[in-house]
Amino acid sequence: MLDYHENPETLHVNTLPTRAYCIPYHDWQSAVRGERGASQRMLYLGGLWDFAYYPSYAAMPDTVEYAGSIPVPSVWQTQGYDRHQYTNVRYPFPYDPPFLPAENPVGAYRRTFTLRKRDGFLYQLHFEGVDSCLYLYVNGAFAGFSQVSHSTSAFDITDWVSDGENTLEVRVLKWCFGSYLEDQDKFRMSGIFRDVYILERPEAHVENVRIRTALTGTAAAEIAVTLNVTDERLDPTLTLIAPDGSRLMKRKASDGTVLQVGDPMLWTAETPALYTLVIQTDAEVIAQRIGIREVRVENGVVLLNGKPVKFRGVNRHDSDPVTGYAISPEQLVRDLRVMKRHNINAIRTSHYPNAPWMPELCDRYGFYLISESDIEAHGTVMLYGCGDMNLKQKFSIVPRSPMFQEAILDRVQRNVLRDENRPCILLWSLGNEAGFGPAFEKAGRWVKDYDPTRLCHYEGMFYAQEDSDTSMLDVVSRMYPSLREITAYFEEKQDSRPLVLCEYIHAMGNGPGDAQEYQKLIDRYPGFCGGFVWEFCDHAVDAGGSAEGKRKYHYGGDSGETLHDGNFCVDGLTYPNRRPHTGFLEYKNVVRPLRARLIPADGVTVELSNRMDFLYADEYADLRYELVHNGRIAAEGKLALAHIPPHGSAEVRIPVVAPDGGAVLLNLFYRTVSEHPLVPAGHELGFDQLTLREARVAPELPERQAGTLILEETETQFLIQGERFAYRFSKLSGLFEGMVFDGRERLSAPMEYNIWRAPADNDRYIRPEWEGAGFHEAQTRANGASAVLKSGAVIIAVHVVLAAVYRQWIVKIGAEFTVDPGGAIAMRLTVEKNADMPFLPRFGVRLFLPKDCCRAAYYGFGPTESYADKRHGTRLGLFHTTAAENHEDYIKPQENGSHHGCDFVTVTEARGAGLCVRSDTPFSMNLSPYTQEELTAKPHNYELVQSEHTVLCADYWQSGLGSNSCGPELLPGYRLSETRFAFSLRIDPTG
Ligand code: GAL
Ligand code: MG
C-alpha cells in the first residue's frame, strides 16, 4: 500500500510543473471565444464514475468492488458517503503530523474513456480540485500522486494510455499530510470536487505563457509576454485583439514579445476592459485575456493605475447547501451577481484558490481579488499545554516546523503560477491563520521575486515574532480589529504600509451593526484600503423541506458529528440560497458609490460625492428623489447626474419645496443608468435620506368623545370603566392585563416589562453576563400601587422592581399611568438601572395581542429590520407589514425584526380593531408571531412554533448588535447602560 500521503517528502509524484491556466484549442474562433467545453483538445471527464467507499485506506481490499457510482465533480458527503462535519479551528484528527488516523476513509473512483491517440501529441490529465489527495492509476498501473486540495494537479499520462478504451482509477483519501495545512473554517468534505479533463497537446507546444503589463506613460502601456516552449524551433504567432474586437497587431514571437499599446483601455473592476492575446502554432491555438493595469503602493496608499482604490470586499468560500464544495460556473456567477448588486468590488478567495475559471470571470465582470494560497493551520492553538509557549508561538508551530517548509512553498507557488495572468488579482495571499515563521518568509520572498507586479498579503503577519522578517508583505493585514486599534495604527504611524482588513464586520446572524463605523475610518485614512466582510454566504447543509415548506438547513452538530463548532459556519451576508440578509442591505448602502449632504442654500441643494475610484457619476448612475411629508410622498422626480469625477463632488439642486409643518424628508435613490452583464439598468445602488425638517409623525386616530370614568379597586386590580371600554390594571405586575374596547379584548395576555431579547449570535460573549445577572429570568414585583380619579381621568402610580432569583435588583421603575375618558393610556416610566449590572438588551413593555391582530403600520426605520447601529440599509418612513412578514427567519433563531426610531406603530386585525402605540421620543418596536423565549430556545428556524398571540414590543431603546460574534465588543454608545432614564408611551385602542 503506497503511503505517500503521510510523507512530507512526497507531496507530488509524477505531476507536471504548475503552469498558467490555459486551454488549448484546435481553431482560432473557439480559442478567442474561450468556452473550454468547445475545445476539441479537451476531453472532459466529468459525469458518473464508478465508486466504492471504504472507511479505512489501510484496510481496503486489494480488489476494489465498485458497487456504486458518484458524480464527478461532487463530494462524498452530499452523495450519501461518510458524513458532514463542521469544524473551525480544531483539527478533526489527532495532531500527529505527518500521520493520519488509521481509520482514514478512501473513495475509489473508476471510469473508462475512449481516446483517439495521435502520434506527436501528449496527453495531460488535469484535476482542478481533489480533497484531500489522490493516487492515480491508468490502465491498472500507478501513474502518480498529488496532494493539495484546491490547486491543480496535472499528470502527463501519454505513456500510460493507448488508442481506444482506457481506464482511470483514482483513490482519494479523506486525510493526508496536506490536511494539516487545510484547517480552514468549513465543513470538511472529500472527493473529486472540481473538474477533471485530459488536454491533448502537440509535442512541440507552448508550455507556459506569462503576461505582465505596465503603464509606460500617461497614454501608453506595455504587455510583456514570456513564452516557454518545449521545442526551440517553435515560433508562435502573437495576435493582440483590442477590447472592441479589433486586431491591434500580429507578429512572430521571434519579432519581439514586448507589445506596446498606445492609448490603452485600462482594466479596473469598474472598467473591466480586456484585450485578448492569441498565441498560434501550427498545431494549436491558445488565448489569454489581458487586463492592462498596474498596482503598487506609494506613500502607504494602494494605487491602481495611479489612483487610490478602496476594497468593498467579501470573503467567499466555495460552498453550496446542496453541492457542497462542488461549484459550477453558473453557481459562481450567481454569487458574483449578488455581489455586484450589493456594491461589492473585491473578493478574498478565503482560504484557498478557487477553480481556475473563477478569476477569469472576475476579470470579465470586474472584481478585485486577493487570491489566497491553500493554507490554514492554526489548529495548533488548541494543542494541550505546550510548555511555556506563548500564543504567537503556538499559532506558529506549523510554519516553524521543518516538516512543513516545502509544502507551504509548494502551495504558495501553485497559487501564483496557475493564475499569474489574471488582472483581477491585485494581491497574492500566502494563506490564512497559519502563524508566522521561516516558511512564510521564504514563500513571501519567492512571491515578490517572481511577481513584483502584485502586492503580497498575509494575515499571519500578526504572529510575527522578534526574529521575523515581514518586509516582503506590502500591506498590513488585520482581522477584526476594533476601531480604536485602527485609529491608533494611523495616528501613531505604527507602520507605513497600507492597512487592509482581510476580515471584518463578522456577518453572523443578525448584524453586523458596525459597518458604518468602519466605513468612516476607511474614508478618513488614505492608507486604509478597505476591508473584506466575513463572509459572503451562510454555510449549511440542505436537509430537505420541513412540514411547513421551509428548507431545513443543518449546521455543525446536526449530522451526528461529535466534534463541531455549531452554527459558527452560518455567518454570511446571505442565506445559503443567496437571499441577502438584512446585513447585506446595510453593507450595500454603507458602501454606496454616491453620497449626499444637505448644504445651506436657497431651495434644496445637496452636495453629491462620487465614491467610485474610476467612473464619473453620470457614467453609471442617475437619481430619483422623493420628498416625503409626514410619511407621505409629496413630490418625486428624476435627475440626470453631472459629470462628477471619481472622488469628486458637485452641488445639485433638487427641484422641490419643503411643505410647511411636520416632518419633511428627502430620499435620494441612486440607480444604474446602463446595463452591466450582472446588473440591469435602473438597479438601485443605494440611497440617502436627508432631513429637511425634523418633527414627530403622529398616527391618524379618531377623535374620541369624552365621557365619565368609573374606577374600582380589588385586592389585586384596578378596574377602569369608560363608555366604550373596561380596562384591568394589575397591582402586582404594575401593568395592564386587560383592555376591552368596543367589546373586544385588545390584550390577549397581560402586558409585561421587558428587558430580555433572544440573544443574537453577536451577543454570544455578553449573553453569559446577561444570564449571570438573571436578565432572562427577571421577575416583576410591583409595590404601593395607587389610583385616583382626577380631572376626569384615572391616574395610577406604582413602583416596580425587576430582579431574578438569588440576585439583586436590575431595574427600579417609577410608573405613572393616565387613562383618559376616551380610552387612551399615557404611561410614564422613570427608570433606574443598577449600575453593577451589565448593559441591558432592551428596556420596554411587551404586549400580547390576539393572533389575528397582526397587521401593522409604523413610522420608523424600515422596511427591513433596523437597530441603533444597523439602520443604514433602512430609512425613516411609514411602512406596512404583518407579524409574519416582519419576522426575519435566521437559520438559528435570534432577536430579529425590530425597528429603530419609531414614532408610532398601529397593530390591528382585518377590520381595524387593535392598538396604537406611540411615544414622544423615538422608540424601538418589534412585532413577531414568536416570543423571544421561543426564539431563544430553538436551535433551528424550522423548529419554531408560533405563539398563540401576536407579540408586540415597544422599547425605550434596544442595544445595538455590533459584530462581537467574532469582532470587537459592542461600542459603548450602542449599549443600553444608562442608569437613569425616562420613557413615555401612549396606547390608544383603534377601530
Ligand atoms: C477568522 C477566520 C475565518 C473564520 C472567521 C470566523 O478568524 O479566518 O476563516 O473562521 O474567523 O467566522
Ligand atoms: Mg480559522
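Which elements each supply at least two residues of the lining of the second largest cavity? They are strand E53 (842–850), strand E57 (914–928), helix H14 (932–937) and strand E58 (949–958), where helices (H or I, at least four residues) and strands (E, at least two) are DSSP runs numbered from the N terminus.

This is a predicted model, in which local features need pLDDT of at least 70 and side-chain atom pairs count only at pLDDT 80 or more, while totals for chains, interfaces and linings use all residues. Residues are numbered from 1 along each chain as its sequence is written, chains are lettered from A and ligands numbered from 1 in the order in which they are written, and side-chain values use heavy atoms, with hydrogens and water left out.

The predictor's confidence in each residue, called pLDDT, runs from 0 to 100; its mean for the protein chain is 97, and 100% of the residues reach 70 or more.

**Cavities**

The structure holds 8 cavities of 30 Å³ or more. On a 1 Å grid over the protein atoms alone, a cavity is a set of points where a 1.4 Å probe fits but cannot get out, and its lining residues have an atom within 4 Å of a point. Grid points are joined across faces, edges and corners, and a volume is the space filled by probe spheres set on the points.

| Cavity | Volume | Lining residues by class |
|---|---|---|
| Largest | about 110 Å³ | 3 nonpolar, 4 polar, 6 charged |

**The parallel sheet**

An open sheet is formed by 8 strands in the order E30-E29-E28-E27-E26-E33-E32-E31, with parallel pairing; two strands pair if DSSP finds at least two bridges between them. Strand E30 (455–457) and strand E31 (476–479) are the edge strands, each pairing on one side only. Within the sheet, strand E32 (residues 499–504) and strand E33 (residues 528–533) pair in the parallel sense over 3 bridges, and Leu501 stands opposite Gly531 in E33.

Note on methods. 1 Å grid on protein atoms, 1.4 Å probe; cavity = no way out; pocket = protein on both sides within 12 Å on 5 of 7 lines; lining within 4 Å. Nonpolar A, V, L, I, M, F, W, Y, C, P; charged D, E, K, R; others polar.
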